[in-house]
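The following questions concern a single protein chain. Look at the sequence and the coordinates before reading the answers.

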Amino acid sequence: MPASQPTSSSRRFLPAVVLLAVAALLWIFRSRIHFDFHAVLQQLRTVSLGFVLAAIASLYSGYIFRALRWRILLDPIRPATTLELLPAQFIGFAMVGLIGRVADLSRPYLIARRLSTPVATQLAIYSIERAFDLAAAAILFSITLAFAPASMPHHEAFARAGILSLAATLGLAAFAVSVRITGDRIASLATKLLHPLSPRFGETVAARLLDFRHGLQAITTLRELLYALACSLVIWVGIAATYLFSARAFIASPELATFSIAATMLLLATSMGGSLVQLPVLGWFTQIAVLAAALHGFFSVPLEAATACGTVLQFITNFSVVPAGLIAAQIQGVSLKEAATTPST
């Protein structure tokens with residue numbers, strides 16, 4: 001136990017250290033930074049409420065389809081209704097918005113508790129759900145970017161990215177088939193290859209591969225596969241619509257008011273990359289910075305307007321679900337602290 005205390009302390013103070021480092025850099029280079037906070041506020045005042053509400057509605061529709069997809073994947077093991085699975089989606093994504101990606105594992109835990117099923121079963125469903133998300137996102141990215149209009153900035157690079165994304169989708173499909181057929185062998189091979197680096201990491205990877213295989217085995221018919229994929233595509237179309245509506249809500253900025261679908265997909269891809277590692281609280285601001293940098297660098301959106309748009313996107317995608325999560329937690333008799341900590345214990 002004593003040996004683990006320094007690690008625990010370092011993790012506890014890591015956000016503060018990073019925040020101080022960022023503050024120091026801003027202070028050192030303050031003379032080179034030209035940023036008008038008043039212009040940001042002006043941009044926020046001109047935001048179209050109708051577009052913002054449409055963005056939130058698009059995002060909320062995704063939570064419903066996530067519950068439906070979970071029901072489809074779970075049905076061969078334990079029949080349930082979409083309504084039974086919906087509160088866990090609200091609570092889980094509210095925790096992700098407040099804490100970070102590490103809280104995403106609260107969803108399988110909450111569903112296991114709600115349906116009185118083993119947590120391992122729900123983790124298997126969670127693993128295959130993540131794969132469907134990745135596949136659906138890659139399909140949309142590849143199709144949109146591969147056929148992006150020639151007038152789009154950096155068109156050749158974006159078209160190439162679309163083709164690579166499509167190739168990655170096919171590779172993921174081949175990997176999924178391999179795991180479904182020979183999952184035990186692949187897990188054993190992963191353990192052997194990773195054991196010299198870290199025995200514990202090798203065991204973890206093997207366990208996740210077996211969870212993934214268990215989740216794949218829950219899909220017993222082609223109909224279930226197509227239903228789950230269709231739900232995944234609808235979810236990601238809704239997410240893309242959220243980003244598109246959020247950008248076009250800035251009617252006073254010509255670059256954002258006419259934001260294209262292809263540009264939206266690139267922005268969404270950038271946002272996904274920036275959210276993979278998200279520290280509590282500090283991650284809110286780094287995500288805004290990532291979005292603002294992408295809008296400013298790729299599409300020449302003025303930095304103030306880009307920052308305002310990043311702020312609105314951060315609020316909608318991470319915090320708009322918090323009220324629904326709090327209400328669902330109250331109805332389910334679940335404390336947010338329990339939902340956030342129990343999966344990791």
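This is a predicted model: local features need pLDDT of at least 70, side-chain atom pairs count only at pLDDT 80 or more; totals for chains, interfaces and linings use all residues.

Residues are numbered from 1 along each chain as its sequence is written, and side-chain values use heavy atoms, with hydrogens and water left out.

Q: How many helices and strands does the secondary structure of the protein come to?
A: Helices (H or I, at least four residues) and strands (E, at least two) are DSSP runs, numbered from the N terminus. On that basis the protein has 15 helices and zero strands.

Q: What percentage of the 345 residues count as buried?
A: Buried means under 20% relative accessible area, exposed over 50% and partly exposed in between, with a 1.4 Å probe and protein chains only. Of the 345 residues, the buried share is 43%.

Q: What share of the contacts with a separation of 6 or more comes from residues 24 or more positions apart?
A: Contact means heavy atoms within 4.5 Å. Among contacts in the protein with a separation of 6 or more, residues 24 or more positions apart account for 72%.

Q: How many residues of helix H6 are buried?
A: Helix H6 spans residues 119-146 and has 28 residues. Its first and last C-alpha are 40 Å apart, close to the expected 40 Å, where the expected span is 1.5 Å times one less than the number of residues. H6 is mostly covered, and its buried residues number 20 of 28.

Q: Which residues of helix H8 are buried?
A: Helix H8 (residues 199-217) has 19 residues and reaches 27 Å from first C-alpha to last, close to the 27 Å expected. Its buried residues are Gly-202, Ala-206, Leu-209, Asp-211, Phe-212, Arg-213, Gly-215 and Leu-216.

Q: How is H4 oriented relative to H5?
A: Axes are lines fitted to C-alpha atoms, for helices over the stretch in contact, and angles run from 0 to 180 degrees between N-to-C directions. The axes of helix H4 (residues 82-99) and H5 come within 8 Å and cross at roughly 150°. Angles under 35 degrees count as roughly parallel, over 145 as roughly antiparallel, 65 to 115 as roughly perpendicular and the rest as oblique. H4 is therefore, relative to H5, roughly antiparallel.

Q: Which residues of H5 and H6 make the contact between the two helices?
A: Helix H5 (residues 106-115) and H6 pack at about 135° with their axes 8 Å apart, so H5 is oblique to H6. The residues of this contact divide into six nonpolar (Ala, Val, Leu, Ile, Met, Phe, Trp, Tyr, Cys and Pro), three charged (Asp, Glu, Lys and Arg) and one polar (the others, Gly among them). From H5 come Arg-107, Pro-108, Ile-111 and Ala-112, and from H6 come Val-119, Gln-122, Leu-123, Tyr-126, Glu-129 and Arg-130.

Q: What is the class make-up of the contact of H2 with H13?
A: The axes of helix H2 (residues 37-45) and helix H13 (residues 303-319) come within 8 Å and cross at roughly 55°, so H2 is oblique to H13. Ala-39, Val-40, Gln-43 and Leu-44 of H2 meet Glu-304, Ala-305, Thr-307, Ala-308 and Val-312 of H13. By class, the contact has six nonpolar, two polar and one charged residues.

Q: Which residues is Leu-44 in contact with, leaving aside its neighbours within four places in sequence?
A: Leu-44 lies in helix H2 and is partly exposed, at a relative accessible area of 32%. Leu-44 and Ala-305 are 261 residues apart in sequence and 8.4 Å apart in space, C-alpha to C-alpha. With those neighbours left aside, Leu-44 is in contact with Phe-250, Ala-308 and Val-312.

Q: What is the phi of Ser-116?
A: Most residues other than glycine have a negative phi. Ser-116 is in the loop between H5 and H6 and is exposed, with a relative accessible area of 68%. Although Ser-116 is not a glycine, its phi is positive, at about 55°.

Q: Where is Ser-300 found?
A: Ser-300 has a positive phi of about 55° although it is not a glycine. At 55% relative accessibility, Ser-300 counts as exposed. Ser-300 is found in the loop between helix H12 (282-299) and H13.
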